[in-house]
Amino acid sequence: MIYRGLNEMSEDKSREVSRHQGKGRSSFSGKVGYVLAVAGSAVGLGNIWRFPYLAAKYGGGIFLLVYLILMLTFGYALIVSETALGRMTKRSPVGAFQAFGGGAPFKLGGWINAVIPMLIVPYYSVIGGWVTKYLFEYMRGSTQALAEEDYFSGFIANGSSVWWFLIFSLAVTAVLFAGVKQGVERVSKVMMPLLVILAVFVAVYSMTRPGAWEGVKYFLIPNPENFSWMTVVAAMGQMFYSLSIAMGILYTYGSYIKKDVDIEKSTAQVEIFDTAIAMLAGLMIIPAVFAFSGGDPDTLKAGPSLMFITLPKVFASMGFGTGAGIMFFLLVLLAALTSAISLAESGVSTFEDQFGWSRHKATVVMGAIIVAFGALSALGFGVLDFVSLFGMTILDFFDFLTNSVMMPVAALATCFLVTRAAGLDRIAGEVMQSSAFKRRRMYNLFMKYLAPVCILIILVSSIANVLGLISL
Ligand code: TRP
């Protein structure tokens with residue numbers, strides 16, 4: 001969703017209201033518009049591609065449980081903070097962090113938030129390229145070939161997969177250049193409900209295959225034996241990623257909303273919606289691992305490739321598999337495109353605001369960043385497959401660096417901004433302009449103690465793990 005679009009939308013509405021209608025109506029549209037905007041940025045590859053593979057890899061039900069707890073506590077507190085700070089300062093992250101004084105450390109905190117989307121969008125576009133390739137292949141009717149065991153690994157190892165990444169990233173850059181972002185957003189909004197309906201069908205189909213029930217149980221019932229510290233690290237990174245928090249996005253969104261948007265309620269709505277879609281994707285993919293690969297532990301731990309390995313098997317076994325494959329990958333492609341566009345847009349506006357660059361220049365530089373880091377990530381499975389960064393492929397490394405290292409730091413910076421610079425009471429004052437703020441005590445407890453301490457522990461242990469100092 002477009003920040004400026006959001007702004008214009010609420011202004012249009014209020015003008016309309018002063019002309020024709022009573023006050024209540026405008027605030028209602030404003031609120032719905034805001035929830036849709038945030039939900040639109042939240043739903044993307046994170047829900048459909050990333051969540052199921054992490055849940056499969058890091059313990060199934062126990063991952064889900066940890067994820068839900070973190071989302072309702074940390075996630076909630078951070079969304080409220082970022083939105084309130086944005087609305088209070090009317091600035092995007094770098095500006096918001098400087099709005100209260102506080103000097104260099106805060107400036108740095110703002111910048112970390114702003115840089116994260118620039119590092120995510122390149123590898124996000126690599127996955128977007130894979131989705132594009134699969135859509136193309138389904139359109140050619142390669143339904144059976146895609147379901148073969150080694151199809152995916154063969155595809156990514158082949159240098160030509162980089163072209164699919166380039167097609168996707170060119171589309172993203174072109175949309176930003178041509179300024180037709182709003183059109184794309186509109187199309188995607190219409191298609192989002194279709195994606196949900198199709199996902200429900202595929203999930204039901206996948207859950208009713210012989211042997212799939214084991215997968216449903218694995219995904220939904222927490223088993224403490226499957227718990228590891230990495231479950232917590234991965235769940236926290238995913239929570240940030242999926243809700244688009246700890247990367248400055250919600251500061252910007254918050255800076256465009258009016259004082260009548262109930263921050264507390266809209267946060268709850270976005271969390272419910274985002275989680276529902278992620279769980280649906282989990283129910284589509286994880287039971288299929290059990291039905292089609294007999295719950296093979298290697299497939300369960302397949303990581304980023306999981307969606308591309310299991311779903312084609314599901315489609316190949318269905319009556320209308322080719323049609324379902326086309327529909328599914330088309331809808332996912334749209335969700336991926338809108339998210340990638342928003343991520344890139346966030347980078348572009350940081351360049352414009354902080355360096356005073358023209359939109360043209362900012363877009364070119366952002367495009368160059370996407371191509372450079374994205375091509376590295378894509379080639380990491382092919383000609384660069386000898387490169388191993390702390391035991392990870394290049395794509396996994398970027399993903400880990402942003403989600404498990406930088407986002408916790410960004411979240412920590414927000415905690416300090418709230419408690420040390422803005423003050424908990426001022427945040428409460430901001431939130432209470434439109435909400436009862438029923439969870440104020442929980443919020444305060446989290447921002448002051450629990451969040452910073454837990455984030456620090458998780459951060460230090462995940463880095464130590466990667467450096468081989470400890471083994472999680
Ligand atoms: N939340 C998105 C997803 O689940 C990814 C994302 C992260 C994003 N940050 C964003 C999308 C900022 C738009 C804007 O895929």
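**The second largest pocket and its setting**

Author: Twenty residues line the second largest pocket, and S92, P93, T252, S349 and D353 are the ones nearest its centre. The elements that contribute two or more residues to this lining are α1 (3–19), α5 (93–98), α13 (249–255) and α17 (321–355). Such elements are DSSP runs numbered from the N terminus, with helices (H or I) of at least four residues and strands (E) of at least two. The largest share of the lining, six residues, is from α17. A pocket here is an open set of points on a 1 Å grid over the protein atoms alone, with protein on both sides within 12 Å along at least five of seven lines, while a cavity is a set where a 1.4 Å probe fits but cannot get out; lining residues have an atom within 4 Å of a point.

This is a predicted model, in which local features need pLDDT of at least 70 and side-chain atom pairs count only at pLDDT 80 or more, whereas totals for chains, interfaces and linings use all residues. Residues are numbered from 1 along each chain as its sequence is written, and side-chain values use heavy atoms, with hydrogens and water left out.

The second largest pocket holds about 270 Å³ of space, a volume being the space filled by probe spheres set on grid points that are joined across faces, edges and corners. Its lining divides into seven nonpolar, eight polar and five charged residues. In this scheme Ala, Val, Leu, Ile, Met, Phe, Trp, Tyr, Cys and Pro are nonpolar, Asp, Glu, Lys and Arg are charged, and the others, including Gly, are polar.

The largest pocket has a volume of about 500 Å³. Its lining has 28 residues, with K57, Y58, M392, D396 and F400 nearest the centre. Two or more lining residues come from each of α3 (45–57), α8 (151–157), α12 (229–242), α19 (394–422) and α21 (440–466). By class, the largest pocket is lined by 16 nonpolar, seven polar and five charged residues.

The largest cavity, of about 170 Å³, is lined by 15 residues, of which S41, Y241, S244, S339 and L343 lie nearest its centre. Helix α17, which also lines the second largest pocket, gives the most to this cavity's lining, with three residues. The cavity lining has seven nonpolar, eight polar and no charged residues.

Next comes the packing. The largest nonpolar core has 156 residues, of which W130, M307, F308 and F329 touch the most other members. Its largest share, 16 residues, comes from α17. A nonpolar core is a set of buried Ala, Val, Leu, Ile, Met, Phe, Trp, Tyr and Cys residues joined through side-chain atoms within 4.5 Å, and buried means under 20% relative accessible area (1.4 Å probe, protein chains only). Beyond four places in sequence, M307 touches I48, W49, V131, I285, P312, F329 and V332, contact being heavy atoms within 4.5 Å. A second, separate core of six residues includes F400, V405, L459 and V466; F400 is also among the residues nearest the centre of the largest pocket.

Helix α16 (residues 306–316) is mostly covered, with eleven of its eleven residues buried. M307 and F308 are among those buried residues.

Methods. Buried < 20%, exposed > 50% of the residue type's maximum accessible area, 1.4 Å probe, protein only.
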